[in-house]
Each structure stands twice: as structure tokens, then as C-alpha cells.
Amino acid sequence: MLVTWIGHSTVLVQTRGLNILTDPVWAQRASPLSFAGPRRVRRPGVGLRDLPRIDIVLISHDHYDHLDTGTLSALWRRDRPLIVVGLENDRLLARYGIRATALDWGMSVAVRSDVSIVAERAHHWSAHGPGDHNRSLWCGFTIVLPGGDIYFAGDSGPGDMKWAIEARKHGPVRLALLPIGAYHFDSGQTDNHIGPAEAVTAFEQLGASYALGIHWGTFELTSEGVDEPAERLSSALREEGINPARFRTTSAGEQWAVPVS
């Protein structure tokens, strides 16, 4: 299992002969406008044209830092991957000629006889255009695989902090992709994103063998420093006595060979 953090929530996972991409965003701004909105402060770790053929794309929700129609259109034209989304996001993508499979929480789709994708509960919200506030579903995903599952949390606030416990029911989690950034506004902590301490709690609840910290260091969405989430994750792991080799942050483009769990 090879894992490459591209930036923000965009991760390339290569395992079992599959190339899997989460929330692919190569846009310069997390915005519908080319001249306004949060601008990328880290270049993508891999160029869009340099990606291998993509088999599966997972889209957690429709915010612009997670659903980039320009990137998805390019991937669809080139590779025709299986794109899995929450309910109603398939209608959004259909407007761009992109076909997607929409799931409700708890629903699944088979990729092949030994691989399936399950939509998981998350605590978040959605909005992509005028009048569509919370009209589409936000979710995480479990990729059920021989030898250990992959859990992609997408975007989630703490909520009841039971969503990670629920996701472990499909089997052992070999790798978790957990958000650690965009947790602090000037007025206080947002309830729509977890921070490093909650990510460590989710890691322990999942019983995951390994985790990669995502949703940080790419777009300045909130008021914490751009690299602060990675620094605070290191502190949270020390406090819990967890080996930092098990829950990593990496440089954009760095490839990590995840050990067999």
C-alpha cells in the first residue's frame, strides 16, 4: 500500500492493483471564482497530468476545497473512474457530463468481488451554489479490502464522536485518512472540523494500524497557522503515548509505504 498526500484532502492510495484518489482538488483557489477565495499556499505534490490511471475517486462533499469540477472533468475525460459521492452530488456532477454513483450513509457499492466501498456518517454540512445549502449529503468512506480496510473521514466535526466507532465494524482498519486542520476561527473552535486532538481520539476509536493527517497545509481556511495542525498533532500523539510513526503527516508528494498491519 503506497500513499501519497497531494495536498489538503487529496490523497492517492495505490493498493491491490487499484489507484484511489480522495477529494481531488488541483484548483488554485477553493472558490467558484478565479480571482477571490482561499488561495493555495502549497503546490500539489503530484501534477494532475503525472497521475497514474485512476480507478476510484471518493468525494466527501460539495465544498470547493473538496469538490473541484475542473479536476474531476479532466479525470473523467482521461480515465472514466468509478466516482463515489453522497446523495445528490451525482446530480451536480451530471451537469458537467460526469457520471457518479451516489450513496446514503450505510450503503455500499462493489468494486470487484473482494473490494467494496461503504459510505460512512460524518458531522458536517454542504453548499456549492445559491439555494443548495444542505441539499446534498456529506460523508466519509470505508474501502473494504483484503488485509485491512482504508477509512477516509472526509470532513467532520466532533459531533457525538461515534462516527469513527461505527466505521470500524467492517473489519480491521489498516489506514485511516483523518482531517487535522481548519479547526479554529477568531471567534473560537468550529464544530464542523476536528482538530489534532480529536483526530487522535478517532484514530484510537477506529483501532487503526496507521493514519495520515489530511485537511491542512494547503488552503488557509481558518485562523490557525498553516503548519500548526501538524505541530499540534505531534503534541497530541506524545500526550497519548502513540508512536508518531503510526500517525504521520508527510510532505506534499512524499510517498509512504504503509506497513502490513
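When I say strand or helix, I mean DSSP runs, E of at least two residues for strands and H or I of at least four for helices, numbered from the N terminus. And strands count as paired if DSSP finds at least two bridges between them.

Before I go on, a quick word on what we're looking at. This is a predicted model, so local features need pLDDT of at least 70 and side-chain atom pairs count only at pLDDT 80 or more, while totals for chains, interfaces and linings use all residues. Residues are numbered from 1 along each chain as its sequence is written, and side-chain values use heavy atoms, with hydrogens and water left out.

Strand S1 covers residues 2-7, and its pairing with S2 is antiparallel, over 5 bridges.

Buried here means under 20% relative accessible area, exposed is over 50%, and partly exposed is in between, with a 1.4 Å probe and protein chains only.

Now zoom out to the sheet. It's an open one of 7 strands, in the order S6-S5-S4-S3-S2-S1-S16, and the pairing is mixed. At the edges sit S6 (101-103) and S16 (255-257), each pairing on one side only. Neighbouring strands are turned by 20° against each other on average, direction ignored; those angles use axes that are lines fitted to C-alpha atoms, for helices over the stretch in contact, and run from 0 to 180 degrees between N-to-C directions. For a parallel pair, look at S5 (residues 82-86) and S6, joined by 3 bridges. Val85 has Ala102 in S6 as its bridge partner.

If you're new to this: strands of a sheet pair through backbone hydrogen bonds, either parallel or antiparallel.

Arg80 is in the loop between helix H1 (69-79) and S5, and its phi is near 50°, a positive value in a residue other than glycine.

S8 (residues 115-120) and S9 pair in the antiparallel sense over 5 bridges, and Ser116 has Val144 in S9 as its bridge partner. The loop between S8 and S9 holds Asn134, whose phi is positive too, near 55°. Asn134 counts as partly exposed, at 37% relative accessibility. S9 itself, residues 140-144, is mostly covered, with 4 of its 5 residues buried. From there S9 pairs with S10 (residues 149-152), antiparallel, over 3 bridges, and Thr142 has Tyr151 in S10 as its bridge partner. That hairpin has 4 residues between the strands, and Gly147 takes a positive phi near 85°.

Tyr151 brings us to the inside. The largest nonpolar core has 53 residues, and those with the most contacts inside it are Tyr151, Leu178, Leu206 and Phe247. Apart from it lies another core, of 19 residues, among them Leu67, Trp76, Ile98 and Ala100. A nonpolar core, by the way, is a set of buried Ala, Val, Leu, Ile, Met, Phe, Trp, Tyr and Cys residues joined through side-chain atoms within 4.5 Å. What does Leu178 touch, leaving aside its neighbours within four places in sequence? Its contacts (heavy atoms within 4.5 Å) include Tyr151, Phe203, Leu206, Ile214 and Phe247.

Last, the whole protein. There are 5 helices and 16 strands. The C-alpha trace spans about 50 × 45 × 35 Å along its principal axes, and 53% of the 261 residues count as buried. Among contacts between residues at least 6 apart in sequence, 68% join residues at least 24 apart. That's my tour, thanks!
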